Amino acid sequence: MPVRSPAGSRRPRRRAATLTAIPLLLAAAALLTGSSAQAAPEAAGPPPAAPAPRCSPAHRITQTLDGGTVWRMCWHYEGNAGLVLDDVSYQPKGERAPVAVLTTAKLAQIHVPYDDGGNEYDDLTGQGFAQGLMALDPAECPGGTIKTVRVPGAYDPAHPDVSGLCATTRARGHAYRMGPYPGERAGTYQLQGKDLLLYTVNKVGWYEYISEWRFAGDGTMTLQVGATGTVSPSDYDAGDGRGAPLGKGAKDYATSHSHNVFWRLNFGLDGSATNKVEQVDSATTLRPDGSTPTIRTTRTPVTKELAGDTGALRWWRVVSDAGRNRDGHPRSYEIVPGASSKYTGRGYTRHDIYFTEYKKCEQFASNNLANCGEGAGRSVDTWVNGQPLKHPIAWVNIGFHHIARDEDQEPMPVHWQGFQLVPRDVTAMNPLTPPALSGHNGHYG
């Protein structure tokens with residue numbers, strides 16, 4: 001076997017001359033943290049004004065985060081999907097104008113089949129998910145604002161307005177950290193970040209779903225659903241024959257089931273609906289002499305509708321055809337799925353991601369309510385039929401197989417499932433880069 005070099009023998013990221021040439025003032029500046037320490041590249045002339053939002057003031061959200069990043073969006077509430085975000089844009093400090101990212105984003109289904117085959121639910125389009133919007137206590141939205149939501153088809157028509165949307169910020173820990181090598185005369189660059197957090201709680205039967213939308217200062221979005229509430233006591237029948245015992249002894253068994261959560265994303269990068277999709281695959285080749293394997297990465301344009309499955313080294317990105325960053329690279333967002341338990345019992349849950357050509361009637365991944373025409377089908381898998389992608393819609397499927405445990409009683413701890421949208425080449429550097437490092441773009445020194 002080849003002998004590996006010790007970690008300490010790796011080439012330093014800075015040349016030796018740099019280690020002794022850093023002025024003390026620069027080292028002191030490097031210790032600064034927070035928004036005052038972020039890069040602010042100058043541009044000629046005043047920046048253009050942000051476009052006027054296409055919603056009323058009550059439905060606008062604007063938040064400035066760590067490093068001067070500004071997120072802007074509108075929201076509305078639908079009678080099946082619940083919260084919908086519109087016209088989501090991201091403007092890092094130093095960018096002259098907001099970067100449009102999403103035209104719309106929403107939940108597209110929560111599919112809940114039970115292991116014993118006795119029950120199967122589509123919580124959004126069949127179980128009154130939107131009508132189950134819960135009122136939030138101010139303690140649940142610390143430092144934020146609870147917005148009033150008018151619920152279409154409210155269970156109580158006399159009281160359709162619910163204080164049910166929290167808009168706040170929440171600490172996320174390190175946005176970055178870069179410290180010196182031992183003996184190096186340099187400061188530590190670090191920033192503690194905050195996210196813009198939007199969330200609602202929707203009650204369906206015994207479950208309560210917390211739908212979170214997080215927006216970070218570096219442009220990352222985290223979309224996740226947490227299930228809490230309580231285990232249904234009517235399911236203590238061990239109907240699946242495999243449920244885990246709850247309570248004393250082996251009398252009560254909760255029936256196991258799945259939560260298959262879908263999101264529908266209508267990208268509009270740089271204001272264009274005709275974004276492109278790329279699939280990235282990396283193949284590993286083992287070497288006969290036992291030395292380090294090689295990896296080759298290929299990018300394949302996705303030109304037709306696709307039902308895709310994640311792999312160890314596979315991912316997708318949506319690429320702008322209208323805008324580039326300051327390095328001349330096309331802006332894009334990478335879809336980064338979280339942990340998922342794939343449910344193979346239905347065609348629409350057998351794949352991790354779908355890209356379909358936009359059709360207004362295609363709104364829900366299963367039990368789609370709109371009539372899309374004869375033979376069109378009512379689930380996302382039936383819409384993937386080889387049509388060219390000109391205006392792609394992304395559908396992300398994240399599954400969770402819930403085998404109840406004693407700790408689920410009571411209330412049930414939140415179990416989360418979700419994914420991230422991560423900027424790739426949206427800016428030329430980390431949008432939170434401190435001024436002292438603003439020249440470190442590409443090869444430097």
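Helices (H or I, at least four residues) and strands (E, at least two) are taken here as DSSP runs, numbered from the N terminus. The model on screen is a predicted one, and the tour below moves through it by selection.

**First stop: a cis peptide bond**

Select Glu410 and Pro411. The peptide bond that leads from Glu410 to Pro411 is cis, with omega near 10 degrees. Pro411 is placed in the loop between strand 20 and strand 21 (412-424). For context, most peptide bonds are trans, and most residues other than glycine have a negative phi.

Continue to Asp425, in the segment after strand 21. Although Asp425 is not a glycine, its phi is positive, at about 70 degrees. The relative accessibility of Asp425 is 32%, so the residue counts as partly exposed.

**Second stop: the loop between strand 19 and strand 20**

Select Asn367, which belongs to the loop between strand 19 and strand 20. Asn367 is another non-glycine residue with a positive phi, here about 50 degrees. Its relative accessibility is 22%, and Asn367 therefore counts as partly exposed.

The link is right-handed, with 125 degrees about the S-S bond. Which side of the burial cut-off does each partner fall on? Buried means under 20% relative accessible area. Cys361, at 18%, therefore counts as buried, whereas Cys372, at 22%, counts as partly exposed.

The charged end of Lys106 sits over the ring of Phe364, 4.9 Å from the ring centre.

The structure holds three disulfides. Select Cys55 and Cys74, which are joined with an S to S distance of 2.1 Å. At -75 degrees about the S-S bond, the link of Cys55 and Cys74 is left-handed. The pair connects distant parts of the chain, 19 residues apart: Cys55 is in the loop between helix 2 (24-30) and strand 1 (60-64), and Cys74 is in strand 2 (residues 70-78). Cys55 and Cys74 are both buried.

Next, select Cys141 and Cys166, a disulfide with S to S 2.1 Å. The torsion about this S-S bond is about 85 degrees, so the link of Cys141 and Cys166 is right-handed. Cys141 lies in the loop between helix 3 (123-126) and strand 6 (145-150), and Cys166 in strand 7 (residues 161-178); the pair therefore ties together parts 25 residues apart in sequence. Cys141 and Cys166 are buried.

With the bonded cysteines of the protein chain numbered in sequence order, the pairing reads 1-2, 3-4, 5-6.

Select His111 in strand 4 (residues 99-113). Is His111 buried or exposed? At 0% relative accessibility, His111 counts as buried. Its side chain makes a polar contact with the side chain of Tyr348, at 3.4 Å. Beyond the neighbours within four places in sequence, the residues in contact with His111 include Glu120, Asp122, His259, Asn260 and Arg346.

A search of the whole structure finds eight aromatic pairs. Select Trp71 and Tyr90: their ring centres are 5.1 Å apart and their planes at 25 degrees, so the pair is stacked. Trp71 lies in strand 2 and Tyr90 in strand 3 (residues 82-91), and the pair therefore ties together parts 19 residues apart in sequence. Trp71 and Tyr90 are both buried. Tyr114 and Tyr121, by contrast, pair edge-to-face, with 6.1 Å centre to centre and 90 degrees between the planes. Tyr114 is buried, with a relative accessible area of 11%, while Tyr121 is partly exposed at 27%.

**Last stop: the nonpolar cores**

The largest nonpolar core has 68 residues, and those that touch the most other members are Trp71, Leu198, Phe215, Leu265, Tyr333, Phe355 and Leu421. Strand 4 gives the most to this core, with seven residues. Centre the view on Leu265; leaving aside neighbours within four places in sequence, its contacts include Leu102, Leu223, Ile393, Val396, Phe419 and Leu421. A second, separate core of nine residues includes Ala108, Tyr354, Val380 and Trp383.

Terms used:
Residues numbered from 1 in each chain as written. Predicted model: local features only at pLDDT ≥ 70, side-chain atom pairs only at ≥ 80, totals over all residues. Heavy atoms only, no water. Disulfide = S-S within 2.5 Å. Buried < 20%, exposed > 50% of the residue type's maximum accessible area, 1.4 Å probe, protein only. Polar contact = N/O pair within 3.5 Å; in protein donor to acceptor, adjacent residues only side chain to side chain. Contact = heavy atoms within 4.5 Å. Core = buried A, V, L, I, M, F, W, Y, C linked by side-chain atoms within 4.5 Å. Phe/Tyr/Trp six-rings, centres within 6.5 Å; stacked < 30°, edge-to-face > 60°. Lys NZ or Arg CZ within 6 Å of the ring centre and 35° of its normal.
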